[in-house]
Amino acid sequence: MIVKDVLVILFMLGGFFLFFTATLGLLRLPDFFTRLHATGKGDTLAALWFLVALAVHHGFSLTSAKIVFIAVFLFLAQPTATHAISRAAFRCGVRPWTLERAVLLDEDTVEQGGEK
Amino acid sequence: MIQESDDVIVKAVARLLVPFIVVYALYVVMHGHYSPGGGFQGGVILAASFVLLGVSHGLEKTRRRMSEKAAMVLSSIGVLIYGGIGALCLILGGNYLDYAKLGKILRVTPAEARSLGILGVEIGVALAVMAVMCTVFFAIFTAEESPEDYRSLE
């Protein structure tokens, strides 16, 4: 029983860590693609670890089998959705962030006297 | 008008997911009596499989599986199943949707007749919701094909 609880806690801590880093990336990274990269990867694996923790907590039953199914389809669908969104954004003309462009944009805002 | 996607990843994953979405929708419909779910939710999930097919493989391939005409006919059939079961209960001497009276036709106990009657109504609702959702999807994404209808409205 103790071993199972420790496993569940470890999986959940891993999920919390990944959710935290994904949200940090969403808030701190500079443009659309990098933010999508952070949330797309981080949220997928975090949700997977939470689902694994729930399945372990529930033991060997039909419910945990359903949870495993949810995890499998989440793992299929979420990266595909991220891929499709980023592809659509690139085709619609969203330019990726680069250091050179960031410096140029910074100089523009400084010359115009505007805020960043 | 949605063209067929040229992205092999999206197309492959959509092809893989659509059958499982349909099975899950049937599961939601069948378990509507005693767990979360039911006809409306199952019908929406069924329609979502067609929407996924439409956005990944284009509207032409989706129309081959579910044309606008078939969607209208199916929605009418769904409403007919719902209203028909209700009216059948009226004819058999009960209230509208009083499923226990269906036991006389199905030759089962009133409790089983209630369960089967609810299942029949759920299937009718699922068909109607699925067909109407598909009609809405087609109507939104083929709007530019018939601009004269919209110009006359302005």
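In H3 of chain B, the buried residues are B:Ala71, B:Ser75, B:Gly78, B:Ile85, B:Gly86 and B:Cys89; buried here means under 20% relative accessible area, with a 1.4 Å probe and protein chains only. The model is a predicted one, where local features need pLDDT of at least 70, side-chain atom pairs count only at pLDDT 80 or more, and totals for chains, interfaces and linings use all residues. Residues are numbered from 1 along each chain as its sequence is written, chains are lettered from A in the order in which they are written, and side-chain values use heavy atoms, leaving out hydrogens and water.

What do those buried residues of H3(B) pack against? Their partner is helix H5 (110-141) of chain B, a contact being heavy atoms within 4.5 Å. Helices are DSSP runs of H or I with at least four residues, strands are runs of E with at least two, and both are numbered from the N terminus. H3(B) covers residues 68-91, and its 24 residues should span 34 Å at 1.5 Å a residue, which agrees with end C-alpha atoms 34 Å apart; the expected span is 1.5 Å times one less than the number of residues. After the helix comes B:Gly93, with a positive phi near 105°.

Zooming out, chain B has six helices and zero strands. Its radius of gyration is 19 Å, well over the 15 Å that the globule rule gives for 154 residues, so chain B is more spread out than a compact globule. That radius is taken over C-alpha atoms, and the rule is 2.2 Å times the number of residues to the power 0.38. Buried residues account for 36% of the 154 in chain B.

The largest pocket holds about 650 Å³. A pocket is an open set of points on a 1 Å grid over the protein atoms alone, where a 1.4 Å probe fits, with protein on both sides within 12 Å along at least five of seven lines; lining residues have an atom within 4 Å of a point. A volume is the space filled by probe spheres set on the points, which are joined across faces, edges and corners. Of the 14 lining residues, A:Phe69, A:Ile70, A:Phe73, B:Phe20 and B:Tyr24 lie nearest the centre. H3(A) gives the most to this lining, with eight residues.

The second largest pocket has a volume of about 420 Å³. Among its 18 lining residues, A:Thr80, A:Ala84, B:Ser5, B:Val10 and B:Val55 are closest to the centre. H3(A) again gives the most, with seven residues.

Methods:
Buried < 20%, exposed > 50% of the residue type's maximum accessible area, 1.4 Å probe, protein only.
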